[in-house]
Amino acid sequence: MPRAILCILDSVGIGGAPDANLYGDVGSNTFGHIAEWAAAGKADRAGLRAGPLDVPNLDALGIGAAIQLSTGTLPPGLSATAKGGRFGVGREVSRGKDTPSGHWEIAGVPVPFDWGYFPQTEPTFPADLIAEFVKRAKLPGILGDKHASGTDIIAALGEESVRTGKPICYTSIDSVFQIAAHESHFGLERLYEICEIAFELTAPRMIGRVIARPFIGDDATSFKRTGNRRDFAISPPEPTLLDRNQAAGNQVYAIGKISDIYAGHGVTHKLKGTGLPQLMDNTLDAMEMAADAAFIMTNFVDFDSEYGHRRDVPGYAAALEYFDSRLPELISKLRHDDLLVLTADHGNDPTWPGTDHTREQVPILIFSPSLGAGEIGIRPTLADIGESIAYWLGLAPGRHGKSFL
């Protein structure tokens, strides 16, 4: 029986969505702009990478063709045709440009409501929310209370947090409440504990996630976030592809932050990981363990968290090249009837102003030894991805989306 492997290249968008004007993102193009900058020598960094973007395996699967279909323009160094896979473009119908919306829709459940957000003011959080949070969590207070880059705010307030015992609370344009604290001085389990309290308080406001952001180090120059991040997320409003495959008695491997995004629903095996190498290793390990009809889903978060939000074009380019270099390993482990799907949940153009996600269309790259090359067009909803995987695994059709297989 077939298996399916879904790799979410977090934030690897391929051009502004039709409603990008509502988000100030008209003209954004994460992958395309990285390729353009690399070809122009603007993505070079000594000791890291240099020259045009080198992604021959993604190109063979149709990434260049997908970008051309999405934007009408072929980025330099990429091909207009797929050599070994089927390609297309995904268009999100859920509102917003955040992680849960993209992931839930990919798994067959578009978000039917508006998320709650915090205003771009200082302070950003409602006073009554923070007062109740401080009281219930037995805290001396909080630091931050604004929109911020996670790495920047930890560098700015980390020493004060260690000294005072106050966690750093901040948000972004996403529907999120983030809490950073030192792993040893504040305590990792204590951080998780106060995040649970914050989640109970923010969920009624339809804030999608509370994220624990632990860090280590001795001072502002050495503080570094660790891999012990944990997301406390609102549950999807109806069964996702993960739930449906689990209900059919099949395995569901959630790798990276996938389990957190779906609030643990539908997961039979959870493999945490930090960094692209470990996430790829865990995906390969899951393919070794997975039984017939298993569904493996991995989120490669570094594209977004390490390079997109930090507007690091050379770093993002190097990460794409690293992922590309390991694609042959993944493909070599596919059985004849396995299905591999590569896509993204939103964009995060590192050449774009600001530090937030960009409202973009996403690539859909499909490969199986039993499938020929071709085009699947522009899909009207990301739920088509989930329905195609459901079809491949022999599951009954869901309520949203239509299989392109």
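Against which helix and strands do the buried residues of helix 7 pack? In this predicted model, the buried residues of helix 7 pack against helix 5 (127–137), strand 5 (176–182), strand 6 (209–216) and strand 8 (230–233). Those buried residues are Phe186, Gly187, Leu188, Leu191, Tyr192, Ile194, Cys195, Ile197, Ala198, Leu201 and Thr202. Helix 7 covers residues 183–202, and the distance between its end C-alpha atoms is only 23 Å, whereas a straight helix of 20 residues would span 28 Å at 1.5 Å a residue. A bend of about 55° is found in helix 7 at arginine 190. Tyrosine 192, which is among the buried residues of helix 7, also takes part in a contact with a charge: the charged end of arginine 230 sits over the ring of tyrosine 192, 3.8 Å from its centre. A further case of this kind involves lysine 42, whose charged end sits over the ring of tryptophan 37 at 4.3 Å from the ring centre.

Helix 4 was examined in the same way. Eight of the eight residues of helix 4 are buried, so this helix is largely enclosed by the rest of the structure. The buried residues are Thr99, Pro100, Ser101, Gly102, His103, Trp104, Glu105 and Ile106. The elements that cover them include strand 1, strand 6, helix 9, strand 11, strand 12 and helix 13 (383–392). Just after helix 4, glycine 108 has a positive phi of about 95°.

Charged pairs come next. The count of salt bridges in the model is 24. One of them joins the side chains of aspartate 338 and arginine 3, with an N to O distance of 2.8 Å. This pair links distant parts of the chain, 335 residues apart: aspartate 338 is in the loop between helix 12 (313–332) and strand 12 (339–343), and arginine 3 is in the segment before strand 1 (4–9). Aspartate 338 counts as buried because its relative accessibility is 0%, below the 20% limit. Arginine 3 counts as buried too, at 2% relative accessibility. Both residues belong to a network of salt bridges that links Arg3, Asp292, Arg335 and Asp338.

A salt bridge is also formed by the side chains of arginine 359 and glutamate 92, at 3.6 Å from N to O. Arginine 359 lies in the loop between strand 12 and strand 13 (362–367), and glutamate 92 lies in the loop between strand 2 (86–90) and helix 4 (99–106), so the pair ties together parts that are 267 residues apart in sequence. Both arginine 359 and glutamate 92 are buried.

In the salt bridge between aspartate 260 and lysine 272, the closest N and O atoms are 3.2 Å apart. Aspartate 260 is in helix 9 (residues 258–261), while lysine 272, 12 residues apart from it, is in the loop between strand 10 (269–271) and helix 10 (275–289). Lysine 272 counts as partly exposed, at 38% relative accessibility.

Phenylalanine 300 lies in strand 11 (residues 295–300) and phenylalanine 323 in helix 12, so the pair ties together parts that are 23 residues apart in sequence. Phenylalanine 300 counts as buried at 0% relative accessibility, and phenylalanine 323 is buried with a relative accessible area of 2%.

Phenylalanine 303 and tyrosine 316 form a stacked aromatic pair, with 5.9 Å centre to centre and 25° between the planes. Phenylalanine 303 lies in helix 11 (residues 302–308) and tyrosine 316 in helix 12, so the pair ties together parts that are 13 residues apart in sequence. Phenylalanine 303 is buried, with a relative accessible area of 0%. Tyrosine 316 is buried, with a relative accessible area of 0%.

Conventions:
Residues numbered from 1 in each chain as written. Predicted model: local features only at pLDDT ≥ 70, side-chain atom pairs only at ≥ 80, totals over all residues. Heavy atoms only, no water. Salt bridge = Lys/Arg side-chain N within 4 Å of Asp/Glu carboxyl O. Helix = DSSP H or I, 4+ residues; strand = E, 2+ residues; numbered from the N terminus. Buried < 20%, exposed > 50% of the residue type's maximum accessible area, 1.4 Å probe, protein only. Phe/Tyr/Trp six-rings, centres within 6.5 Å; stacked < 30°, edge-to-face > 60°. Lys NZ or Arg CZ within 6 Å of the ring centre and 35° of its normal. Expected span 1.5 Å × (residues − 1). Bend = angle between axes of the 7 residues up to and from the residue. Contact = heavy atoms within 4.5 Å.
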